[in-house]
Each structure stands twice: as C-alpha cells, then as structure tokens.
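Hi,

Here is the structure I said I would pass on. Have a look at it first, and then read my notes below.

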Amino acid sequence: MDPVRNPYAPGAGQRPPELAGRDRELDVFDVVLERVARGRPERSLVLTGLRGVGKTVLLNALRSQAIGRLWGTGKIEARPDQSLRRPVAAALHMAVRELAPRHRAPDRIDDFLGVLKAFALRANQANAKLRDRWQPGIDVPPKSGRADSGDIEIDLVELFTDAAAVATDVGTGIALFIDEMQDVPADDVSALCAACHELSQLGAPLIVVGAGLPHLPAVLSAAKSYSERLFRYQRIDRLDRIAADQALCAPAEREEVEYEPKALDLLYDKSGGYPYFVQAYGKATWDHAPRTPITAGDVRVAAPEAEAELAVGFFGSRFERATPAEREYMRAMAGLAANGTDDMDIAVATADVAQSLGRRPASLSPARDALIKKGLIYSGERGTVAFTVPHFGRYLRTQP
Ligand SMILES: Nc1ncnc2c1ncn2[C@@H]1O[C@H](COP(=O)(O)OP(=O)(O)OP(=O)(O)O)[C@@H](O)[C@H]1O
Ligand SMILES: [Mg+2]
C-alpha cells in the first residue's frame, strides 16, 4: 500500500498515530493536576519501564495535558554526569514564560527571573575565566540571596517555592518533566527529592513528573528513604492484546485500511505488545501489503524486513555502544537469561554470569557498572541483572 500514507512511527519519542492503552495513566494525571492546583496533598508521578515501552511518548502526552490546563511546563532529559542546575533553570524559565502573560504583576515575574538567574549562574565555577562562563538567556539582573547558596538542595527548595508562588498567583501550577531520570547524578536526585518533599508539605503547586528505567525507584530510595512515599510509581508495560490491536487498527481505519483477525494474531505474536515493535512490524507490514484487508501472509512476508531494521536500529545501535568486555558480559547474560518456554529474557544472578565466564565476580564489576551507566542493563534486585531492552537476550542469542 502507499508508503506515503503509512501511519506507523517506530522511533525514539516518536508520537504514535494512536496512543493506545494508556487511559489509566492519563486519567490519574488529570486528578493529580486538579488536586495540586487546589493545594491538596498529592504525590508526584514517576513512570518506569523498559526501553521502547513508550515512557517518553507518555511523558509528552502528560505534558500536553498540563498545558491544556494552562499550567506552566518544562522538560529535561537527564544525562549521566550532568548537573541538574542548568537544565532545571532552562525548564523553569520556559514554564514561567508560559505563565507570564496571564500574570497581573510583571515585576513579580521579573523578581522570580532574577532569582532564577542567580540560581543558574551558580553552575559556573567560581574561578572560571569570564569567557568560559555560561550565561543563561534571562534578561534581568540576577537577584542574590535566594537559591544561590551553591548547595543544590537548599537552592532547589527555594527556587521551586518561588516558582510555585508565581503559579499560585495565576491559579494554576508548574509541572517539571524529567526523562531518563535514572541518569540524574546522586546529589541532585537527593536534592530533587528534598525539594519535592518540602513543596508537598507546603501544598505548593509544583510537581516533578519523572520517567526512567525499571531501577529508578531504587535510585530514588537510595537517595532519600522517604521517596517511596513521595512518588507514585507507575510501571509502563507492554500493551495488552486489545490495546496493541487498537494501536494498529485505529490509524489504519483512518486510511480506510483493515486487518484480518489472523494478521492481528500474528502481529501480536511477533511484537509481544511492545510499543516500539508494534510500530516497527506495523510499518513494514503496511509497506508490503498489496491491498486492504491486510492478511497474515502479508505479515509473514514483511516480518524479516521489520526484524532486519530492528536488528540495526534498535538492538545493533545499542550493542555497539558497549566495549568488547561489556559485550562479553552481555553475551554471558543472554545465555543465562533464556527462558525455555517462550524465549523471553529473565533476570540473572551476577554470580552466575561470573561463573559462566570463569571469572571472579569482583573482576566483572567495572563491566557491569558501565553497562548500567549506559542504560543497557539494570539491577532491579540486589545481585541480579536484566536487560533494559526487551528481546535483547533473544537478539544476542541469534547473533554469531
Ligand atoms: N501507547 C502507545 N501506543 C502505540 N505506540 C506507542 C505507544 N507508546 C509508545 N509507542 C511507540 O513506541 C515507540 C517507543 O516510544 P518511546 O520512545 O516513548 O519509548 P521509551 O519508553 O521512552 O523508550 P526509551 O527507554 O528507549 O527512551 C515509539 O515509536 C512510539 O511511537
Ligand atoms: Mg524515552
């Protein structure tokens, strides 16, 4: 069928033609927004899940929901070893600019921007040369004495409190979205938790909405033991059969294209309901099918192409980020992770990985830690590791 009209969108953070199976999360967030705006106690939301399940896409949808309620919003994508100070400053700048036109007292906005600038300027080393100093793009003079102590915990609490006050003035709130939250450096995670804790006690309308890999709750509770009560964790998982069918059929229907039931059976079998795979198989099938309705035969013809594309774009690109020692570690993991019945991957004990490589566990810690930092594996439970990428073990087992 006409590839130009192909509606499917495999890709990182690519908005799907149909956001299937996420109604519960969207509804929960509606309630959160309403409660926070009314000063009711509410926990921040944290989405966790494997690679390609749709965390970024859902985070963007939640952001649209907040914007729809006239909230100020900003988004950050955390990176390992990058302090939160600059990105938080940029995101809050954006959020407050969204609120500014509705604020009756422009000097209150300028006051806040002055505090924000002082906060941001602290990102510069005290002894940095003038030309090396980073200048935040905020057109007001910095206002010293608030959010500029240099202690990120104190500064975030003060900055968030002031930002929330601006939102209170206009009767809405501010939502700060943090993607890849497991990569936020330890001190900053701890400061972020403390700031959220303080704000929720004050009933101030500013919330942090995070998304990250499955071990994100462990990262947060290592930073502050109370984080379990601070955040509402929502596991984002693969789509069930009904949602996966909807993800395929709804966009096709808009193009007056249908699927035979057997085609949908086979597509679910192939994708396992993982959103990225649903899009990838859907796209290839569309391109190969000569006409509507799409048949199981069309899926069978298209599958090798979808698999070849996944092998390069989804699996291969990640595998290549690993060093030879790390690859060896993952291959050993893949061998152990095979679950006989459906060839899905399960978590494996690090001690078993060491044994299968004939090495002492301690000697493998650098490779394991580097793989965790690269976001390729995670440790959900002490002493075990699992792939962050669905079907990754299966992919490695088919590689020579
Ligand atoms: N609810 C959904 N229904 C249909 N397709 C979806 C859904 N959610 C995500 N997708 C599709 O899945 C793919 C992956 O989505 P996304 O990039 O948001 O995943 P992710 O969890 O952020 O992955 P990563 O951990 O690699 O960042 C995209 O192509 C997107 O269009
Ligand atoms: Mg993402």
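**What I found**

Let me begin with the inside: in the largest nonpolar core, which has 80 residues, the members that touch the most others are Phe29, Leu62, Tyr259, Tyr329, Met330 and Phe392. Helix H12 (residues 296-319) gives this core its largest share, nine residues. By nonpolar core I mean a set of buried Ala, Val, Leu, Ile, Met, Phe, Trp, Tyr and Cys residues joined through side-chain atoms within 4.5 Å. Buried stands for under 20% relative accessible area, exposed for over 50%, and partly exposed for what is in between (1.4 Å probe, protein chains only).

Before you go further, note that this is a predicted model, where local features need pLDDT of at least 70, side-chain atom pairs count only at pLDDT 80 or more, and totals for chains, interfaces and linings use all residues. Residues are numbered from 1 along each chain as its sequence is written, chains are lettered from A and ligands numbered from 1 in the order in which they are written, and side-chain values use heavy atoms, with hydrogens and water left out.

Back to Tyr329: leaving aside neighbours within four places in sequence, Tyr329 is in contact (heavy atoms within 4.5 Å) with Thr350, Val353, Leu357, Leu364, Ala367, Arg368, Leu371, Ile377 and Val385.

Helices (H or I, at least four residues) and strands (E, at least two) are DSSP runs, numbered from the N terminus. H2 covers residues 55-68, and its 14 residues should span 20 Å at 1.5 Å a residue, which agrees with the 20 Å between its end C-alpha atoms. The expected span is 1.5 Å times one less than the number of residues. Buried in H2 are Lys55, Val57, Leu58, Leu59, Ala61, Leu62, Arg63, Gln65 and Ala66. Their cover includes helices H1 (23-37) and H3 (85-99), along with strands E1 (44-48), E2 (72-77), E3 (174-179) and E4 (206-212). Just after H2, Leu70 has a positive phi of about 65°.

H1 holds Glu25, which counts as buried because its relative accessibility is 5%. Leaving out neighbours within four places in sequence, Glu25 is in contact with Leu58, Leu62, Gln234, Arg235 and Ile236.

**The ligand**

Which residues come nearest to ligand 1? Of the 27 around it (near means a heavy atom within 4 Å), they are Ala9, Gly13, Gln14, Lys55 and Thr56. Here are the polar contacts, that is, pairs of N or O atoms within 3.5 Å; within protein, one must be able to donate a hydrogen and the other to accept it, and residues adjacent in sequence count only if both atoms are side-chain atoms:

- Gln14 has a backbone N or O atom 2.6 Å from an oxygen atom of ligand 1.
- Lys55 has a polar side-chain atom 2.7 Å from an oxygen atom of ligand 1.
- Arg318 has a side-chain N or O atom 3.3 Å from an oxygen atom of ligand 1.

On its own, ligand 1 has 640 Å² of accessible area, and the protein covers 97% of that (Shrake-Rupley method with a 1.4 Å probe; for residues, only the protein chains shown count as cover).

His93 is in helix H3 and is buried, with a relative accessible area of 14%. The buried residues of H4, among them Phe112, Leu113 and Leu116, pack against H3 and H5.

Arg146 sits in the loop between helix H4 (106-121) and helix H5 (152-170). Is Arg146 buried or partly exposed? At 31% relative accessibility, Arg146 counts as partly exposed. Beyond four places in sequence, Arg146 touches Val115, Ala118, Glu158, Thr161 and Asp162, and its side chain makes a polar contact of 2.8 Å with that of Asp162.

**One more loop**

Thr292 is in the loop between helix H11 (275-288) and H12 and is partly exposed at 35% relative accessibility. A polar atom of the Thr292 side chain lies 2.8 Å from the backbone nitrogen of Glu258.

Cheers
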